[in-house]
Amino acid sequence: MSQLLLFNVTNGLIIGAFYVLMALGLSLILNLSNVINFAHGGFLVAGGYIAYTITPYVGFWGALLVAPLVTAAIGLAVERVLIRPLYGRDPLYGLLLTFGLAFIFEDGTRFIWGAQGKPVTIPAFLAQPLSDELFFITGYRLFMVVMVAVAVGLLFVLLRYTRLGIRIRAGTLDLETVAALGINVGMLRSLNFSVGVFLAGLSGVLAAGQLGLEPTMGAGLLMPSFIAIIVGGVGSLLGTLLGGLLIGVASGVTAVFFPQASEAIMYVMMAVVLLIRPRGLLGEEGMMT
Amino acid sequence: MSKSHHARKLMVLGAIWAVLLLAPYWMPPLGGYTALGTRVLVLGIAAMSVNFLLGFTGVLSFGHAAYFGLGAYGAGLTLKFLAASTPLALICGTLLGGIAGAVLGALIVRRRGVYFAMVTIAFGQVFYYIAFQWSSLTGGDDGLRGFSRQPLDLGRFSIDIASNAQYFYYFVLFCFALVTGAMAFVLRSPFGRTMLAIRENERRARFLGIPVERHIWIAFTLSCLFVAFAGALYALINNFADPRGLHYSQSGDFVIMAVMGGMRTFWGPLLGAAVFVVLQDYLSSITINWMSFIGLMFVLVVLFFPRGLLGVIRLGRAA
């Protein structure tokens with residue numbers, strides 16, 4: 001039993017790490033652009049498939065870096081052409097537009113790469129389990145967690161110590177003042193959007209190695225990321241991090257005792273958080289109204 | 001001005017009802033079929049319910065599919081296990097969705113703007129998973145089957161809405177009239193005016209002493225009741241309740257119908273539903289990539305038609 005529990009807690013942490021990567025990207029975009037990016041799952045899938053396509057040429061490690069960059073470039077184009085005209089209008093429109101984009105992404109993926117799932121090969125040494133006792137932790141899973149940790153670490157460094165990051169954080173709090181100080185807010189939003197999409201692309205590449213590729217995989221990963229943001233507190237990236245890990249573990253542990261409810265538990269957690277602490281675990285007062 | 005305005009309003013209203021009443025006669029020659037009209041009406045109710053919140057209270061629910069689906073399952077389960085009565089099924093379905101909406105609404109109404117949408121989506125998905133996982137009751141992925149709508153028993157005679165598509169259309173039209181009547185009544189009432197006040201300027205409404213949260217909650221609950229009623233009717237169309245009817249992508253369809261038709265107008269969402277249903281029906285018959293086209297439609301509506309079809313007409317008239 002204890003091993004089963006350990007297995008599922010680890011599993012939950014790994015999945016949670018994954019939600020974190022998705023949710024951080026979503027959260028960045030939400031904070032600065034006030035857009036719930038429904039197409040985030042689409043970007044994830046695009047990242048995975050691009051990695052699949054370029055792996056024969058640049059290898060696994062090359063794809064790990066190049067695919068998210070290509071995805072981010074697509075994201076930049078999308079932001080410039082489609083999302084930019086919507087700033088200053090009702091947030092409803094950004095939501096609807098990205099919702100439509102999600103359809104186009106899913107269908108486009110199916111059109112280009114086919115409806116059949118694609119297996120993805122990972123380097124052989126990562127496919128091995130760590131040891132006989134810890135048979136459930138393959139090297140790849142550990143590698144995923146490390147990658148997520150590195151990405152999250154770099155993101156926080158970016159936000160804390162670089163000029164771009166400081167501006168992004170300032171913009172989250174008060175975009176008007178940032179604009180008044182002579183900072184090009186349009187450019188800031190574009191870069192911020194690309195960073196968010198880069199994270200989605202990276203999630204896609206990592207997910208591809210673990211789950212394989214399917215055109216519909218993005219939608220399933222999107223909702224937990226929403227919940228991670230709400231549980232952690234809108235406006236707080238640290239909260240998003242915490243929220244993602246929490247719901248991952250909760251869902252993993254529930255899978256031991258009552259497998260049917262492993263999805264539902266995330267929603268229950270969200271309801272409880274909203275009831276007891278409406279702004280989310282680490283959310284700023286007033287961010288969510 | 002006011003008199004001619006009033007007369008024109010009556011004329012438009014008369015025209016709308018004439019078109020709806022005669023639909024079974026003019027649709028087939030144009031290549032439609034009566035069941036398509038029934039679907040437009042039912043989805044029209046759903047889109048109007050979403051718009052009841054979006055267009056008239058100013059809050060966006062992106063989770064109405066959940067209450068729509070609950071209405072469908074409520075109606076289906078009632079027919080299957082409780083009693084073979086169409087009206088009872090409709091009532092049970094409506095109540096199931098409405099009560100769920102009232103309970104969750106209490107958690108949701110403190111949020112605003114994009115966060116309101118986000119929380120409604122996330123809560124809506126709960127019911128999708130329940131319908132999906134609780135297969136012993138709901139049929140899981142395959143959906144709920146094994147029930148069928150029953151003829152209406154009116155004491156002396158009964159109306160066979162079960163096998164006659166035309167009778168069923170008129171029954172749905174009757175239901176449609178009830179719901180739209182109820183919506184119009186609420187919107188014209190003093191309470192409806194406070195909804196508009198909240199939409200236009202929430203802070204001001206609050207300072208005028210309107211309990212904003214409570215009023216949004218009431219509007220949300222009413223809207224959930226309406227949409228659950230639509231869901232219950234929807235289950236009766238094919239005698240089938242589908243878990244995908246609870247999914248947030250269905251909510252997105254409702255919202256786009258409302259926006260495409262014109263979200264500041266009463267009848268806009270019905271028009272939006274008609275365009276959407278006909279387009280979907282047509283596209284899915286000619287291409288397997290219809291999803292892209294629907295997605296493209298979302299994008300185009302948002303970029304070029306944010307006021308919707310009726311909104312554009314109205315703007316043209318005002319100019």
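In this predicted model, the axes of helix H4 (residues 64-82) of chain B and helix H6 (residues 113-133) of chain B approach within 8 Å and cross at roughly 35°. Two packed helices are described by the angle between their axes and the distance between the axes. On the H4(B) side the contact is made by Ala65(B), Ala66(B), Gly69(B), Leu70(B) and Tyr73(B), which meet Gly124(B), Phe127(B), Tyr128(B) and Ala131(B) of H6(B). By class, the residues of this contact between H4(B) and H6(B) comprise seven nonpolar, two polar and no charged. In an α-helix, residues three or four places apart point the same way, because there are 3.6 residues a turn.

Another helix of chain B, H3 (residues 34-54), has 21 residues, which at 1.5 Å a residue should span 30 Å; the C-alpha atoms at its ends are 30 Å apart, in agreement with that expectation. Of the 21 residues of H3(B), 18 are buried, so this helix is largely enclosed by the rest of the structure.

Chain A contains eleven helices and zero strands, and its pattern along the sequence reads α-α-α-α-α-α-α-α-α-α-α. For 289 residues, a compact globule would have a radius of gyration near 19 Å, and the value for chain A, 19 Å, agrees with this. Along the principal axes, the C-alpha atoms of chain A fill a box of roughly 60 × 50 × 35 Å. Buried residues account for 51% of the 289 residues in chain A. Among contacts in chain A with a separation of 6 or more, 73% join residues 24 or more positions apart.

Between the chains, 35 residues of chain A are in contact with 35 residues of chain B. Helix H3 (91-113), helix H9 (217-232) and helix H11 (264-276) of chain A each supply at least two residues of the side of chain A that touches chain B. The largest share of that side, 15 residues, comes from H3(A). Sorted by class, the side of chain A that touches chain B has 27 nonpolar, five polar and three charged residues.

The largest nonpolar core has 185 residues, and those with the most contacts inside it are Ile227(A) and Ala122(B). Leaving aside residues up to four places away in sequence, Ala122(B) touches Met223(A), Phe226(A), Ile227(A), Ile230(A), Tyr267(A) and Met270(A). In soluble globular proteins, nonpolar side chains tend to be buried together.

Definitions and conventions. Residues numbered from 1 in each chain as written. Chains lettered and ligands numbered in written order. Predicted model: local features only at pLDDT ≥ 70, side-chain atom pairs only at ≥ 80, totals over all residues. Contact = placed C-beta atoms within 7 Å. Helix = DSSP H or I, 4+ residues; strand = E, 2+ residues; numbered from the N terminus. Nonpolar A, V, L, I, M, F, W, Y, C, P; charged D, E, K, R; others polar. Rg over C-alpha atoms; globule rule 2.2 N^0.38 Å. Buried ≥ 20, exposed ≤ 12 C-beta atoms within 10 Å, placed from the backbone. Core = buried A, V, L, I, M, F, W, Y, C linked by C-beta atoms within 7 Å. Expected span 1.5 Å × (residues − 1). Axes fitted to C-alpha atoms, helices over the stretch in contact; angles between N-to-C directions.
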